[in-house]
Amino acid sequence: MYDKSHHPPVVLAIGGHDPGGGAGIQADIEAIAANGCHAATALTCLTIQDSCNVSQLLPIDVSILKDQINATLGDCRVAAVKIGLVGSLPAAQAIIDILRHHSTIPVVFDPVLAAGGGSELADQDLIDCLRQTLIPLCRLLTPNQPEAVRLAGSNGVRDYDIMASRLLELGAESVLITGSHDPDGGSEIIHRLYQPSRPPTLSRWQRLAGEYHGSGCTLTSAIAARMATGEALPAAVEQGLAYSWSAVAQGFRTGRCQAIPERLGPIRRGHPHDGG
Ligand code: PLP
């Protein structure tokens, strides 16, 4: 008989909604489940977007955001928090106020500052707040290269080691700078994990052709889930990278522009559409 006292670890995903299901909370739920955990969610904003770009960002009333987060934190033992699109300064302040009172829960933050199609999703006030108050709460920060440039505030310096040391100085416990958006990247993607007083760990992957929507959400949620199951940070990062690389390799297109990583491969395989 099913033992109700044993449940998968709970990961609280805080982020925005993408109606196309490629990125945001839906991506988080799928990646968290595929990596052995249960996703609880709190919506920061709704968006209007298709597979090409985001046209509107509609923040959720901040008191409703707080109530969503507190409902889960007050009820469940949350093993990790994953934060994606914050979307507004009041949302950032609300998230920070609450998480300060839960300092034992590891926080993994994917700083979504712009949509894949180019729309800005964060203004300078929000970026300043993230730098000063959310980054110091992070067990792991996962910017891509353009996000690292903006968050490090390094006046255009693009050297990975310099950007990472600035982000660690801001208070992040560790930083994974992902290489998928590196404009100088060739056929290889190099991800760099920085932890204080250690040489960076480089992880090399074959660059896959095409544009994908939700790959950052997929990666960061997978890492948060693996941390929630008790994996040490470097192993959680490496396993999260392997999971998200194969999700992208099996990605599919539902619309005209960016493809969606296949986060549920083993579940969907064998269904009639798969030719099985
Ligand atoms: N979350 C939402 C709701 C978004 O709209 C976006 C990008 O548009 C993202 C997250 C980040 O997507 P990606 O993982 O492709 O960086």
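Colleague: Which elements cover the buried residues of helix H3 (residues 89–99)?
Modeller: In this predicted model, the buried residues of H3 are Ala91, Ala92, Ala94, Ile95, Ile96, Ile98 and Leu99. Contact here means heavy atoms within 4.5 Å. What covers those buried residues includes strand S1 (10–17), strand S2 (38–49), helix H2 (62–73), strand S4 (78–83), strand S5 (107–109) and helix H4 (124–134).

Colleague: At the start of H3, which residue has a side-chain oxygen that reaches to the backbone nitrogen of Ala91?
Modeller: Ala91 is itself listed with the buried residues of H3. The side-chain oxygen that reaches to within 3.2 Å of the backbone nitrogen of Ala91, at the start of the helix, belongs to Ser88.

Colleague: Turning to the ligand, which helix gives the most to the shell around the ligand?
Modeller: The shell holds 14 residues, of which Gly24, Gln49, Gly214, Gly216 and Cys217 come nearest. By class, that shell has 7 nonpolar, 7 polar and no charged residues. The helix that gives the most to the shell, with 3 residues, is H7 (residues 215–228).

Colleague: How much of the area that the ligand exposes when taken alone does the protein bury?
Modeller: An oxygen atom of the ligand is 2.7 Å from a polar backbone atom of Gly214, and an oxygen atom of the ligand is 3.4 Å from a polar backbone atom of Ser215. A backbone N or O atom of Gly216 lies 3.0 Å from an oxygen atom of the ligand. Taken alone, the ligand exposes 400 Å², and the share of that area which the protein buries is 93%.

Colleague: Is Leu219 buried or exposed?
Modeller: Leu219 is found in helix H7, and, leaving aside its neighbours within four places in sequence, Leu219 is in contact with Leu176, Thr178, Gly240, Leu241 and Ser244. The C-alpha atoms of Leu219 and Leu241, which are 22 residues apart along the chain, are separated by 6.2 Å. Because the relative accessible area of Leu219 is 7%, and the cut-off for that class is under 20%, Leu219 is buried.

Colleague: Is Ser197 buried or exposed?
Modeller: Ser197 is found in the loop between S8 and strand S9 (201–206), and its phi is near 60°, a positive value in a residue other than glycine. Because the relative accessible area of Ser197 is 81%, and the cut-off for the class is over 50%, Ser197 is exposed.

Colleague: What is the radius of gyration of the protein?
Modeller: There are 9 helices and 9 strands in the protein. The globule rule gives 19 Å for 276 residues, and the value for this protein is close to that, so the protein is as compact as a globular protein of that length. The radius of gyration is 18 Å.

Colleague: What share of the contacts in the protein with a separation of 6 or more comes from residues 24 or more positions apart?
Modeller: Buried residues make up 50% of the 276 residues in the protein, and along its principal axes the C-alpha trace spans about 55 × 45 × 40 Å. Among the contacts with a separation of 6 or more, the share that residues 24 or more positions apart account for is 66%.

Methods. Residues are numbered from 1 along each chain as its sequence is written. This is a predicted model: local features need pLDDT of at least 70, side-chain atom pairs count only at pLDDT 80 or more; totals for chains, interfaces and linings use all residues. Side-chain values use heavy atoms; hydrogens and water are left out. A residue is near a molecule or strand if one of its heavy atoms lies within 4 Å of it. A polar contact is a pair of N or O atoms within 3.5 Å; within protein, one must be able to donate a hydrogen and the other to accept it, and residues adjacent in sequence count only if both atoms are side-chain atoms. Accessible areas come from the Shrake-Rupley method with a 1.4 Å probe; for residues, only the protein chains shown count as cover. Helices (H or I, at least four residues) and strands (E, at least two) are DSSP runs, numbered from the N terminus. Ala, Val, Leu, Ile, Met, Phe, Trp, Tyr, Cys and Pro count as nonpolar, Asp, Glu, Lys and Arg as charged, and the others, Gly among them, as polar. Buried means under 20% relative accessible area, exposed over 50%, partly exposed in between (1.4 Å probe, protein chains only). The radius of gyration is taken over C-alpha atoms; the globule rule is 2.2 Å times the number of residues to the power 0.38.
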